[in-house]
Amino acid sequence: MKNKKLNIVFPLLMVAALTGCSQMTVLRTKEIKAVGAEVQANLDSVVQSLKAQNDSLRAELAAADLAQKRMQAEITMLSRRVGDESERNDSRQEEIIYRLDMLLGKSDKILAKKVVVSGAPTAPVSMDSLEREAEKLVEAEAMFNTARSDYHRGEFKLAYSGFKQVYEQMKEGELAENSLYWMALCLIDVAQIDKAKKVFARMSEAFPDGQKTCPALFKLSTLYGEECDINKQKQYLQKILSTKSCEKSAEFEQAAEMLQEILEKEDKKSAGEPVERCVPVVREPVKPTSRKSTTNNASEPTASATAESTEAAL
């Protein structure tokens, strides 16, 4: 009887033991799966974070590369301008010395020449006209340098008056062109953007092969770009690229780069890709950073008077 009970109890104990082991195995499997899911989730999160960081780094590298290219173009432009300015200064100095030599009586040969006009009797060259021409050039140079000094001191209205006086005195030549260019810069600094654009445009028309034509066209493209007038901006960028005298200028390189960026944005927009929205730039009058001029304020032109007098200057 006892053996029979053992035969019954023993299998029951075995079944209970196996059932307990099975349940423990199931629980352990669930725990392992839960841990595995958590690890996978953490891994996915890390992968997404690394991907975002990688994209951000690529964008920063692209921006840095673009900034480096622009900086190189600007350095090239500045280097060329310094070289050109040095050559122009040397040329002007030689011309002034030559004219002063004439004033000092070192051009006696010129005075001995006769001018024949339509068979009329010969007449000596007037020394008075040569003196007036030399004095006019020296005076204009001095006024231009004074106006530029006023500009760098932040006295834009006073500088504008000086440049305008030089332009009205010369009307043509390098000094006249430079005066118009600096007049436009003064107008920008007193927030007269429309008038500045007008002066730049007329200057580039009056001096199509002048030394300031390419910078003026580039300024125009920049001003229209700040107003988000992309069509006008492209128009002036393309004008720089089609102007033969601009081919070796730094503005040519910058114009090509900017035009390429605009066309790429337009292609992205046409393809339905998101592009950065243009935000117009609102310019405010620049305040002088140095001491104020001792000139009576009543004699200085106001911002509106400065803008209105542009028409008369041109």
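**View 1. The largest nonpolar core, where Tyr 151, Phe 163 and Phe 200 touch the most other members.** This core has 46 residues; a nonpolar core here is a set of buried Ala, Val, Leu, Ile, Met, Phe, Trp, Tyr and Cys residues joined through side-chain atoms within 4.5 Å. Buried means under 20% relative accessible area, exposed over 50%, and partly exposed in between (1.4 Å probe, protein chains only). H5 gives the largest share, eleven residues. A word on what you're looking at: this is a predicted model, in which local features need pLDDT of at least 70 and side-chain atom pairs count only at pLDDT 80 or more, while totals for chains, interfaces and linings use all residues. Residues are numbered from 1 along each chain as its sequence is written, and side-chain values use heavy atoms, with hydrogens and water left out.

**View 2. Tyr 151 and its contacts.** Which residues does Tyr 151 touch, not counting those up to four places away in sequence? They are Phe 156, Ala 159, Phe 163, Trp 182, Leu 185, Cys 186 and Asp 189. Contact means heavy atoms within 4.5 Å.

**View 3. Helix H4, residues 156–170.** Helices are DSSP runs of H or I with at least four residues, strands are runs of E with at least two, and both are numbered from the N terminus. H4 has 15 residues and reaches 21 Å from its first C-alpha to its last, close to the 21 Å expected at 1.5 Å a residue. That expected span is 1.5 Å times one less than the number of residues. The buried residues of H4 include Phe 156, Tyr 160, Phe 163, Lys 164 and Met 170.

**View 4. Helix H8 and its buried side.** H8 (residues 230–242) has 13 residues and spans 18 Å from its first C-alpha to its last, close to the 18 Å expected at 1.5 Å a residue. Its buried residues are Gln 233, Lys 234, Tyr 236, Leu 237 and Ile 240. Why do they sit on the same side of H8? Because they cover an arc of only 165° around the axis, going by the directions from the helix axis to the C-beta atoms. The cover over these buried residues includes helix H6 (193–206), H7 and helix H9 (250–270). Turn to the face away from the buried side and you'll find the exposed residues Asn 231 and Ser 242.

**View 5. Thr 213 in helix H7.** H7 runs over residues 213–226. Is Thr 213 buried or exposed? Thr 213 counts as buried, because its relative accessibility is 3%. A polar atom of the Thr 213 side chain lies 2.4 Å from the backbone oxygen of Phe 207. Leaving out residues up to four places away in sequence, Thr 213 touches Glu 177, Met 203, Ser 204, Phe 207 and Pro 208.

**View 6. Glu 261 in helix H9.** With a relative accessible area of 21%, Glu 261 is partly exposed. Setting aside neighbours within four places in sequence, Glu 261 is in contact with Leu 66 and Arg 70.

**View 7. The whole chain, for orientation.** There are ten helices and two strands, following the pattern α-α-β-β-α-α-α-α-α-α-α-α along the sequence. Of the 314 residues, 29% count as buried.

Note on methods:
A polar contact is a pair of N or O atoms within 3.5 Å; within protein, one must be able to donate a hydrogen and the other to accept it, and residues adjacent in sequence count only if both atoms are side-chain atoms.
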